Amino acid sequence: MVPLNAAAILRQTAAQLGFDALGIAPARAPAHADDLHAWLARSFQGEMNWLERAPDTRADPHRYDPTARTILVAGVSSRQTAPPLRRGRIAAYAQGSDYHEVLREKLQALARDTLTTWGGTSRICVDTSPLLEKPLAALAGIGWQGKNTLLIHREHGPWLLLGCLLTDLKISADPPGSDHCGTCTRCLDACPTRAFPQPYVLDARRCLAYLTIEYPGAIPEEFRPLVGDRLFGCDECLEVCPWNRHAQNAREIKLTPRPRPDLRDMLAWDDARFRSEFRGTPVFRLKRNRWLRNVSVVLGNIGDAADLPALESASRDGDALVREHAAWAMNRIRSRISGEA
Ligand code: B12
Ligand code: SF4
Ligand code: SF4
């Protein structure tokens, strides 16, 4: 039986478990879900082919799980403001342990302490399920989808990482969030690659998060200088949002940044070393070759003559992707040095 004060119990339990936000939505298609078709038709997904599979299911959670009547959407802040101790930046969400596991554990505990005791089902979705998590979070009243396409929360800005719990229980929903972007265009203006063809729409093919995380091949040369010192992901359109003004840093201890060696040392890592250093973090899924691809691009952009010997060895690496990016980096550093001379 769902208690009359279910929403209050859910909110209290979620807060005790360390969630920074919780909203309740009916299991139906969120606003703008149909725009997914137009987005795919414009090929904005790039090589993320998995986004093309069953778009009708992705757009409507009821198709994904016909038994679902309610969706709980929960968020944990990932904000980190300490400057990196080493050269190169990793996006805030990826500086500590893998957030998928962090959210999954918390959602399991939330389901166990509430939905299960009320006799309901629970299905956990964090990131990899075919759901539009940001529009669903807006439907659940957590915030609104901003012009940078991210879910913006009044207190935590764009920094919430999201997870969903689908249940067959009927729980009274929160009112949907309303848009508070107003005339602001800071995120659109700040994007280094002009990845927003229009407000609220992202061309992922131009996004540095896509190019440094999802894209498997050689980073197109036109984008390499724009990568700057970003090793993994990009936070530019998050950092400039005025809704950061009340945001605190992440309180989830597992998201605390891990120490990491200097870029030059990493170029000499073999596969075993890469795996042992990054196991349990979001960087792990890149595998060694894509990580060293990114390290090379960053060194090409910010490195100096002292980095050339390490790049020289990497340009003879067993992996073609690493070789090519290391060679590009050496050329870029050399032309910078000669330009400065
Ligand atoms: C694919 C993906 C990516 C891709 C594409 C991003 C994108 N914007 O779609 C890439 C690799 C680029 C990416 C990057 C990042 N991602 Co990502 N990503 C996803 C994933 C797996 C699917 C998103 C999706 O379905 N995209 C498809 C497009 C069509 O969806 P959409 O952007 O919401 O598009 C809608 C709008 O354009 C809307 N629309 C059209 N016109 C209008 C008009 C108005 C007024 C409105 C409101 C809407 C609207 O219609 C579209 C369809 O509904 C989700 C997890 C999930 N399952 O939802 C995480 C997710 C969105 N990512 C997340 C994060 C943290 C990031 C990064 C910040 C990581 C980083 N620091 O590097 C960046 C941010 C880049 C950005 N500005 O979006 C978080 C976002 C949390 C939040 N607070 O919003 C999510 C939810 C993961 C999670 N579980 O927490 N990501
Ligand atoms: S994450 Fe960076 S590259 Fe991607 S849209 Fe935002 S500012 Fe642009
Ligand atoms: S920077 Fe401005 S336009 Fe972009 S999401 Fe934040 S409030 Fe909205």
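Two strands are taken to pair if DSSP finds at least two bridges between them. Helices (H or I, at least four residues) and strands (E, at least two) are DSSP runs, numbered from the N terminus.

The model toured here is predicted: local features need pLDDT of at least 70, side-chain atom pairs count only at pLDDT 80 or more, and totals for chains, interfaces and linings use all residues. Residues are numbered from 1 along each chain as its sequence is written, chains are lettered from A and ligands numbered from 1 in the order in which they are written, and side-chain values use heavy atoms, with hydrogens and water left out.

**Stop 1: the sheet**

Select strands β1, β2, β7 and β4, which form an open sheet in that order with antiparallel pairing. The edge strands are β1 (21–26) and β4 (123–125), and each of them pairs on one side only. Neighbouring strands of this sheet are turned against each other by 20 degrees on average, direction ignored; axes are lines fitted to C-alpha atoms, for helices over the stretch in contact, and angles run from 0 to 180 degrees between N-to-C directions.

Continue with β2 (residues 70–77) and β7 (residues 160–167), which pair in the antiparallel sense over eight bridges. In this pairing, L72 stands opposite L165 of β7.

Return to β1, which pairs with β2 in the antiparallel sense over six bridges. G23 stands opposite V73 in β2. Why is β1 largely enclosed by the rest of the structure? Five of its six residues are buried, buried being under 20% relative accessible area, exposed over 50% and partly exposed in between (1.4 Å probe, protein chains only).

**Stop 2**

Select H32, in the loop between β1 and α2 (35–41). H32 counts as exposed because its relative accessibility is 63%. H32 and P135 are 103 residues apart in sequence, yet 7.5 Å apart in space, C-alpha to C-alpha.

Select D56 next, in helix α3 (residues 55–59). At 39% relative accessibility, D56 counts as partly exposed. Not counting residues up to four places away in sequence, D56 touches H37 and R63. The C-alpha atoms of D56 and R69, 13 residues apart along the chain, are separated by 18 Å.

**Stop 3: domains and cores**

Colour the chain by its domain assignment, which gives domain 1 (6–167) and domain 2 (261–341); such bounds come from an automatic or database domain assignment. The centres of the two domains, taken over C-alpha atoms, are separated by 34 Å. Their contact takes nine residues from domain 1 and 14 residues from domain 2.

A nonpolar core is a set of buried Ala, Val, Leu, Ile, Met, Phe, Trp, Tyr and Cys residues joined through side-chain atoms within 4.5 Å. The largest such core has 56 residues, and those with the most contacts inside it are W39, L231, F232, L267, W291 and L311. This core draws at least three residues from each of domain 1 and domain 2. A second, separate core of 25 residues includes F19, A74, V102 and V126.

Centre the view on W39: leaving aside its neighbours within four places in sequence, W39 is in contact with F44, Q45, L51, V201, L202 and A204.

**Stop 4**

Select R288, in helix α13 (residues 287–302). Is R288 buried or exposed? R288 is buried, because its relative accessible area is 15%. Beyond four places in sequence, R288 touches W269, D270, D271, F274 and D317.

Which side chain makes a polar contact with the side chain of R288? The partner is D317, at 2.5 Å. A polar contact is a pair of N or O atoms within 3.5 Å; within protein, one must be able to donate a hydrogen and the other to accept it, and residues adjacent in sequence count only if both atoms are side-chain atoms.

Finish on D317, in the loop between α14 (308–314) and α15 (320–340). D317 counts as buried, at 11% relative accessibility. The side chain of D317 also reaches the backbone nitrogen of D319 at 2.9 Å. Leaving aside neighbours within four places in sequence, D317 is in contact with R288, V322 and R323.

Methods. Contact means heavy atoms within 4.5 Å.
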